[in-house]
Amino acid sequence: MGGKKRWICLLLVVFIAFAVTGVLAKPKVTFRPVKGMADENWEKWKTLVRDNLVMMGEDIDVEFLPGHGDVNVLKERQEVATIMMTRQTTPDIICLTVEDYAEYVTAGWLDSEVLMKNMPAEFWKRLFPVHQGIYGAAWGNKFYAVPWRFGIGLLYVRKDLLKKYGYNVTPLQFDDDTSLGNLVEAAKKITGAENVPYGFIGPHDRGSFDGFFYEIVRAFNGYLYGGKEYLYGPVGDRPVTADTPEVAMALKAWQDLVQKEKVMPIEALNWDNNDVLRIFGAEKAVFMRLWNFGITQLGAVTGISPDKWSATPLYSVMTPHGHSSMGGWWWGVNPNSKNKEAAVKVIQAAAEPNSLLFLINAMGALPPYTELFTPEKLKEVSPLLAPYARTIATAVEYGNERPFSPTFGELRVQLLDIVKPMLLGQYDVRKCVEDLQAAMEKLEQEYKQK
Amino acid sequence: MRERPEKPEGPPAFPLRLPKKIGGIFGSFDLWVENLSEGRFSVLLLSPLIIFLIAIIGIPIARTIWLSLHQYLPARPWMEYKFIGLVNYVSLLRDPAFMKSLIHSFYFTVLNIILMLLLAIPAALLVSREFRGRIAVRTILLLPWAVPIAVAGTTFKFMYNGEYGVINYLLKSIGIIKEYVPWLMSYDHVFDWMYSSTAMNAIISAAVWRTLPFSILMILAALESIPPDYYKMAKVNGANSWQIFRHVTFPLILPGITIVVLWRAITAMRIYGIIDSMTAGGPGRITETLQILTIRTFFVSRDLGKGTAMAVMTMLFTLVFIIFYLALLQYVQRKRR
């Protein structure tokens, strides 16, 4: 064979070898998560997911890329936006929070087709055994991402102090109606007499903001958040907007907590979930509003004894049965990914019961399986959560619809601008309502142009 | 047979035997370079750097300006990417939030520069003298520069805390304040008639602390370049300390001061790290500067067209500031003559 022909054959062989290697290579799925748990738990959970893949008979390599922690959701969101806007093919799976969902869907940043095509109906049924859950996670009858975490808003109470001052500790069920006035009175009495500086605390910063707000609004006779079509959902047969009396009343109540009653410190407006957890854990507050993860994390992070506190559910906006919502930790498939089917398999592996049960303690997460929340099952996984089994199960069953509006993310930032100054007493509630309404209308107009 | 001429002594004219054509090209190039003026020759030598700078600075700036003339919202695919001319700029000039952030940026920059000079000049004068422990003092003065911005911002945030901050504790102890002040949560202003937010002033103090060392170094370098004979002559002529400073020291360190002012103007107009770590633009939007607003527009509103327009406006306002300063300097120097 001539020299030239020899070279051509060699090149051809090398090329074929590369091609075959590429075809036969194990598919690799890159996943960019928001961790949301301590490092050692994160490593254990990764192993669980990989083991589940092996059990499913899938030969897929999963690479977990570094992402931000739970409290750096804003930074994480910025990075995901950059990845999507520059059409990068990795990571194959991204993490998002509930307020990102609608925005990412309308921006085309989540692949629904691959999820719907490759996830069997039985998977969705198992994940969402209740109608409300399915309804809450879908968008136009399709799923664009899978949510792992339900959150329940709870009022954590210092039952040791409340009992001391003659207050009946709120039971763990949600059929008891407590007025704000009662709680304020209790807070004032206790902070005046004990070495407890704060009456009410709640996270107001960096993504924690709306939780307290809408619970105040609903639990104490007001409405703000609602269903899918409106930013402020319908109540009965009328849409509720920022300028209805209920909203103004609720905002005033909240402002009074800070300015008039002085049971909530101004500093709380800068606190996020972790700050609030630590302050309550240091026994510096009578009442704390936080999500369910506090039940498992309070003692673990702060060392406070469980006899000193308990938690009671706060009412949901849309249902009288206790409030819950799809929280953070949705997983979606990158529409530019080159390993979409493999990515879906990884999601399925993470949805196995052993993986989700692990998250209960590791993350304080409540997976969207009501079947998991029997006292007996929870006792095995988390003795702390077990007393709340009925609360949690019912709340998950009646998961409220968080507003899946694409404007939610932007409005949330504007809420901070508008509501915080009002809470600080810089202007009155009426101006706050006007600004809220104007901001909402402007955003809705921009989004309605589609 | 013809004898070959002897080869001249010394190194060969060109180490390689090149074909005549290429040798000719080199020869022409040689001639052309020899005929260049000094200025043009310098440009020729700098041309690789110029090309490199155009590639990594010029092209991105041009692209940014081009993008700012478009409607571009990648998170809203129904709003098509299209050329809209100066619409983004016009809407910014009409946007109260943008104008407020501009005022905040100018306030931050001007106050930063004034405080910087008021502290850096005396500090540089102090450490330029010989005294015991001078090296230790110099080292201490330079330490803030070594602290990362996020660490500095977070530390000052704790120090200014309204409930347990050390600044409140100290001020209350010495009787300057009666009650603890929520510095970073306050909407109060120092002057009612102009923007002078307490929260922003707190941030400025942190920013000045962090960047003071560089200013001291620049002015110190200028101070140490003054020949000592000038001081001797001034003393011989009966000048007192203030006169020496005013007529000898200050004019000669003016170039160093100019560098400090220009550097600070450029960095302060696009300040981000220290504000983000202390207040993130809050409370409300009272400490939101141009850069904070730009990043918010990019990553929250995801309006890239408007965001790039803001970035271009920031660049232009910085240029205006610098031109204004240089013009003022020239005016002052002309007056002195």
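I am working from a predicted model, where local features need pLDDT of at least 70, side-chain atom pairs count only at pLDDT 80 or more, and totals for chains, interfaces and linings use all residues. Residues are numbered from 1 along each chain as its sequence is written, and chains are lettered from A and ligands numbered from 1 in the order in which they are written.

**Chain A, overview**

I looked up the secondary structure of chain A and found 19 helices and 14 strands. Helices (H or I, at least four residues) and strands (E, at least two) are DSSP runs, numbered from the N terminus. Of the 450 residues in chain A, 48% are buried. Buried stands for 20 or more other C-beta atoms within 10 Å of a residue's own, exposed for 12 or fewer, and partly exposed for in between, with C-beta atoms placed from the backbone. I then checked contacts in chain A with a separation of 6 or more: 79% of them join residues 24 or more positions apart. A contact here puts two C-beta atoms, placed from the backbone, within 7 Å.

Most residues other than glycine have a negative phi, and most peptide bonds are trans. I looked for exceptions. The loop between α3 (73–85) and β3 (93–96) of chain A holds P91(A). The peptide bond from T90(A) to P91(A) is cis, with omega near 5°.

R87(A) also sits in the loop between α3 and β3 of chain A. Its phi is positive, near 55°, and R87(A) is not a glycine. Is R87(A) buried or exposed? R87(A) has 10 other C-beta atoms within 10 Å, so it is exposed.

K262(A) has a positive phi too, about 55°, and is not a glycine. I placed K262(A) in the loop between α11 (245–258) and α12 (273–281) of chain A. With 15 other C-beta atoms within 10 Å, K262(A) is partly exposed.

In helix α11 of chain A I looked up W254(A). W254(A) has 24 C-beta neighbours inside 10 Å and therefore counts as buried. From W254(A) to D435(A) I read 181 residues in sequence and 17 Å in space, C-alpha to C-alpha.

**Chain B, domains**

The domain assignment gives chain B domain 1 (20–68) and domain 2 (87–336). Such bounds come from an automatic or database domain assignment. The C-alpha centres of the two domains of chain B lie 38 Å apart. Four residues from domain 1 of chain B and seven residues from domain 2 of chain B form the contact.

**Chain B, one helix pair**

How do α5 (residues 134–146) and α8 (residues 198–224) of chain B cross, and at roughly what angle? Their axes come within 7 Å and cross at roughly 125°. That angle makes α5(B) oblique to α8(B). On the α5(B) side I noted L141(B), L142(B), P144(B) and W145(B); they meet α8(B) residues including W209(B), R210(B) and F214(B). By class, this contact of α5(B) with α8(B) has nine nonpolar, no polar and one charged residues. Ala, Val, Leu, Ile, Met, Phe, Trp, Tyr, Cys and Pro count as nonpolar, Asp, Glu, Lys and Arg as charged, and the others, Gly among them, as polar.

Axes are lines fitted to C-alpha atoms, for helices over the stretch in contact, and angles run from 0 to 180 degrees between N-to-C directions. Angles under 35 degrees count as roughly parallel, over 145 as roughly antiparallel, 65 to 115 as roughly perpendicular and the rest as oblique.

**Between the chains**

Last, I looked up the interface: 19 residues of chain B are in contact with 20 residues of chain A. The chain B side divides into 11 nonpolar, four polar and four charged residues.
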